[in-house]
Amino acid sequence: MRNYQGLMAQLGHFQKICALTGCTHAAVWVSSDGMPLSGTEDVGRHVALDKLLGMRALEGWHDGALIVSSRTSYEMVQKAAMCGVEIMFAVSAPTALAVRTAQRCGITLVAFARDKGFNVYTHPGRLIE
């Protein structure tokens, strides 16, 4: 992942309902150069992720990263791992089990990702400054 600066700003482009209601989650796929390819939105964070992973499979996207507007559970990490995702950014906190799962599955897990910084929990080598 070459350009992770400004990634979190990409979420807003795919949250039309959230802009009106403040109550939805988004999942966005960005290319390895940080360009958003597409995103999904739903009241449920797991459903937003499921929609995006399905879209990613249909489109054949491989290189890049997943961004979610929520906290990260181990189930979300497992879904991402089963679909071959290598890098996952989250706005909020990961659970302890999500971190352990990401470590075991080889996923680079980044959380508390905000404009001014983020925390890298597992496999930092994929992030290039």
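**Close-up views**

**View 1. Lysine 79 is partly exposed, at 26% relative accessibility.** Here, buried means under 20% relative accessible area, exposed over 50%, and partly exposed in between (1.4 Å probe, protein chains only). The model is predicted, so local features need pLDDT of at least 70 and side-chain atom pairs count only at pLDDT 80 or more, while totals for chains, interfaces and linings use all residues. Residues are numbered from 1 along each chain as its sequence is written, and side-chain values use heavy atoms, with hydrogens and water left out.

**View 2. Lysine 79 and aspartate 50 form a salt bridge.** A salt bridge is a side-chain nitrogen of Lys or Arg within 4 Å of a carboxyl oxygen of Asp or Glu. In this pair the closest N and O atoms are 2.8 Å apart. Lysine 79 belongs to helix H3 and aspartate 50 to helix H2 (residues 45-59), so the bridge ties together parts 29 residues apart in sequence. Helices (H or I, at least four residues) and strands (E, at least two) are DSSP runs, numbered from the N terminus. Aspartate 50 is partly exposed, at 39%.

**View 3. Glutamate 86 meets arginine 126 in a salt bridge (3.8 Å, N to O).** Glutamate 86 sits in the loop between H3 and strand S4 (87-90) and arginine 126 in the segment after strand S6 (117-120), so parts 40 residues apart in sequence are tied together.

**View 4. Ala98, Thr101 and Ala102 are buried in helix H4 (residues 96-105).** They lie on the same side of H4, because they cover an arc of only 100 degrees around the axis; the arc is that of the directions from the helix axis to the C-beta atoms. Just after H4, glycine 106 has a positive phi of about 80 degrees.
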